[in-house]
Amino acid sequence: MMTDQASLSDDAYNEVFVGAFTQQEPLTDAAIEAAVAVMRTGRLHRYNTVGSEISETAALEVEFANYVGSKYALAVASGGYAMGCALRAVGVAPGDKVLSNAFTLAPVPGAIAAVGAQPVFVGVTEALTIDLDDLHSKIGEARILLLSHMRGHICDMDRLMDICDDAGVIVIEDCAHTMGGGWRGVASGRHGAIGCYSCQTYKHINSGEGGLIVTDDSTLAARMVLMSGSYMLYERHDAAPGPQAFEGLKYDMPNISGRMDNLRAAILRPQLAELDTQVARWNERYLALEEGLRATPGLTLVERPEEEQIVGSSFQFLLLDWHGDKVRDVIGRCGARGVELKWFGAEDPVAFTSKYDQWRYAEPQLMPVSDRVLAGVVDLRVPLTFSTEDCAQIARIIRAEVSAVHQAV
Ligand SMILES: *Cc1c(COP(=O)(O)O)cnc(C)c1O
């Protein structure tokens, strides 16, 4: 086993990766043809149907509910919209506090801010999951937890649900990075009262923008259908509760339009049918990276628990307790060799990456334990346009540069 710089081949110091970290696969012919068929009808709005026709959007909802095993599903305009809609449905009002992860991406605290509520951040562990001890200590501060399975890392969901159920806290899951994944055989998004997913280009199914929401609760489902902008056409939802669930609500729920359209749904349906195949392909690539980085001095891998069904669409490792300059050095050296790494310890937000103390609309919180973890988190995307050989090469480059900088520490 390679354990130090001397045993790395010369190649490891010269090769350059030429793939693009933001390049997703093209859509399949099936998806393209489905989109063209919708365009030929001109009926892009989900309620623009003829006779007993079932719209692409309504069909996607049924298929997604079946996929995750929920009673109800609703397709919406984005993952951010899904979370906002869920927060409104459970009654979050301006000024309320909502528990959420310190380690997540900006749309999550943004969804809380959008309903006028205040995020209360819960820390992150070295496993990159929510700190359940910290959650336990803060559980009395709010009625709702917006739980983000950030970068696909799923915490001990049994313990999390025990903590929340005991305190009467409602859980909304942000599954932007876990669509297709699960915990002990239960699909991600099916532990809490509501699960929210994103179909944005960098997630697991791609319609550019888009979101999905699932629940088993007929009242929550009816509220969300009405809010998403159903006018009084909610009977055209095949994955929604029957008309009686809407009776007491239809005069009270504001219309906050955020529907999905038939074009996006048409593109997504064939992708959903292929999702499990894609998950297996992501995981092959993830394993190639993990294998290639194992036992790199100074680098901590994030070991995945057996209970977790992962979707390896991104990869994280930790450079724990490294000086910031050294981490920057690693990122610069890898970047020069074509390997684009993101760092959660940077002082300023960069592209998609930012952290809790940079969301200044939230009240400042002191989280030294999380700061230590975040200062070490290095992150890379794993698009399916990479081969497993590409991933092995990326790992060789990271390993070489981490080793070189670590030796100089
Ligand atoms: C992408 C993302 C979302 C949803 O974002 P949209 O761009 O609004 O679809 C939610 N949470 C996380 C962690 C994300 O990365």
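**Reading cavities and pockets**

Analyst: In the largest cavity, the lining residues divide into nine nonpolar, six polar and no charged. Here Ala, Val, Leu, Ile, Met, Phe, Trp, Tyr, Cys and Pro count as nonpolar, Asp, Glu, Lys and Arg as charged, and the others, Gly among them, as polar. This is a predicted model, where local features need pLDDT of at least 70 and side-chain atom pairs count only at pLDDT 80 or more, while totals for chains, interfaces and linings use all residues. Residues are numbered from 1 along each chain as its sequence is written, and side-chain values use heavy atoms, with hydrogens and water left out.

User: What is a cavity, and what is a pocket?

Analyst: On a 1 Å grid over the protein atoms alone, a cavity is a set of points where a 1.4 Å probe fits but cannot get out, and a pocket is an open set with protein on both sides within 12 Å along at least five of seven lines; lining residues have an atom within 4 Å of a point. Grid points are joined across faces, edges and corners, and a volume is the space filled by probe spheres set on the points.

User: How many cavities of 30 Å³ or more are there?

Analyst: The count is four. The largest one holds about 70 Å³ of space and has 15 lining residues, with Asn101, Leu128, Thr129, Ile130 and Ser148 nearest its centre.

User: Which residues lie closest to the centre of the second largest pocket?

Analyst: This pocket holds about 300 Å³ of space. Of its 16 lining residues, Glu25, Pro26, Gln271, Gln278 and Leu384 are closest to its centre.

User: Is glutamine 278 buried or exposed?

Analyst: Buried means under 20% relative accessible area, exposed over 50%, partly exposed in between (1.4 Å probe, protein chains only). Glutamine 278 has a relative accessible area of 18%, so it is buried. Leaving aside neighbours within four places in sequence, glutamine 278 is in contact (heavy atoms within 4.5 Å) with Glu25 and Leu384.
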